[in-house]
Amino acid sequence: MSEQRFAAARTNRRPAVTLRIRPGKIIREGKRGEQGRLICFLRKEYSEGGNNKNFPCSRIPFSRDGCPASVLLIKLLLHRCPFERTMSPMPTVSLALGDHSYDAHVSNGSLDSVGFFSRRARLSGKAALITDTNVYPQYGERVKRSLEDADYVVSVHVVDAGEKSKSLDTVSRVVEEMIRAGHDRTSFVVALGGGVVGDLAGFVASVYYRGIPYVQIPTSVMAQVDSSVGGKTAVDVPSGKNLIGSFHQPRFVVADPITLLSLPERVLREGMAEMVKHAAIRRPKMLVTLRQLADELPIGFSLSSIERLPSLIAENIEIKARIVEEDERELADVRAFLNFGHTLGHGIEASVPYGELLHGEVVSLGIRAALFLSHKHVGLPARDEAEVLNTLSSLQLPLQLPEKVDPASALQHVKADKKFRGGKIRFVLLKKLGEPVVSEEVTSDDLAEALAHLGTTPRLRKS
Ligand SMILES: NC(=O)c1ccc[n+]([C@@H]2O[C@H](COP(=O)([O-])OP(=O)(O)OC[C@H]3O[C@@H](n4cnc5c(N)ncnc54)[C@H](O)[C@@H]3O)[C@@H](O)[C@H]2O)c1
Ligand SMILES: [Zn+2]
């Protein structure tokens, strides 16, 4: 299980108090616990004045009496911890999609509210909790307990972590398991995990008994800010990714940003590339916040940043939500804006063996290429270009083509794209930050030039 390290509290003399913590434990504390569970962490390491000491959580007596002084200090910090405060009000983003309208609730600690929201959404019958081998050990029991506390009968279906599980084989295995567990058309699916689980479980829900409801509980950045919202479900086939799927909107989304703290750092960083994309096309001010978070990443998020995560995630969901509302089935230009940085990114992704570069990493490269072409074709100011590049760079996302990528092969893959017709491709460019346009003017030569540009060292400047 990966561990996150972050500054949990700071005094004037940094780093005076640092907690190495791992999320996911609930500690009930007498009356306090009755009012609202205090979300705490497994404390791995506590350091004061440079002296590191280890306190495996299980050995910390977390009762009101008999605590050693150091534990009292940790308790004090936790009492000041913001998670209780952020439980309410819970940022909620509503998606107005007619009969398929739903809400996305974002809050630290909201994993414990899945049962509550399921009842509120009038979901009846049994719940089929679909999750993966990485996520289940960390959060599966909590979500199951929340559903059982709300009087649901729950069956759990764990698939292997990773893209390989987005397959028809896994669909039929999960469907068989659900039938054996007694699910019928009154049941609903709970998708707990990253984008892989969300896409797979959404697809299972869309075909089980010709379609049953499902809810999305995304646990990766990618899933919280992107894939859990919009209703696209899919599985892969040998000929390509996402070639079988459906539009099936969830009944609600519950995103608990605390779950992001257990992501492997590389996965956390790559997911943030999608937030940079959102910021570039719709909310330039968010770039500042992302750079602040990036600065903290080497030691981990500070408490105040953790407190701000829900509104940041909600802001991202809102950007996607407004675009989905305008163009639910991807029939107009507007949903294409979400492809900013993706056209060349996909070409690069397809040119290396699957998994060598993560999706957000190729999106970062694709964004740099798109900025270059935006400057050339629609006059994107150099200052705007620099600001986005600085943000990607501070997140340590790649801006230069790695040696293993052959630009000619990447270009071939882009040209094979069905959107490429008559030597031109529909390409999302930025006129300025926050103002995307779909251009028909980008040629194959432009793409080759942009890929060559990715071979050069980016010139980063102060924005
Ligand atoms: N439906 C859509 O609109 C849409 C949009 C974008 C991407 N996608 C799909 O999403 C998938 C990628 O999503 P992803 O990046 O979340 O990949 P993922 O689901 O594979 O998750 C990445 C890794 O992180 C692990 N993980 C997830 N949450 C964790 C947590 N809280 N703590 C520790 N580990 C955790 C997973 O087990 C996995 O190993 C792709 O299949 C892509 O096609 C779909
Ligand atoms: Zn993407």
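**Ground rules.** I am reading a predicted model, in which local features need pLDDT of at least 70 and side-chain atom pairs count only at pLDDT 80 or more, while totals for chains, interfaces and linings use all residues. Residues are numbered from 1 along each chain as its sequence is written, and chains are lettered from A and ligands numbered from 1 in the order in which they are written.

**Ligand 1.** I looked up its surroundings and found 29 residues, of which the closest are N134, G194, G195, S220 and S227; a residue counts as near if its C-beta atom, placed from the backbone, lies within 6 Å. The elements giving two or more residues to this shell are α7 (195–207), α8 (221–227) and β12 (240–247), where helices (H or I, at least four residues) and strands (E, at least two) are DSSP runs numbered from the N terminus.

**Helix pair.** I then found that α12 (residues 342–351) and α15 (residues 407–415) pack at about 120°, with their axes 8 Å apart; the axes are lines fitted to C-alpha atoms over the stretch in contact, and angles run from 0 to 180 degrees between N-to-C directions.

**Positive phi.** I noted that most residues other than glycine have a negative phi. R210, however, has a positive phi near 60°, and R210 lies in the loop between α7 and β10 (214–218). N242, in strand β12, also has a positive phi, of about 55°. Is R210 buried or exposed? R210 is exposed, with 7 other C-beta atoms within 10 Å, whereas N242 is partly exposed, with 14 (buried means 20 or more, exposed 12 or fewer, partly exposed in between, with C-beta atoms placed from the backbone).
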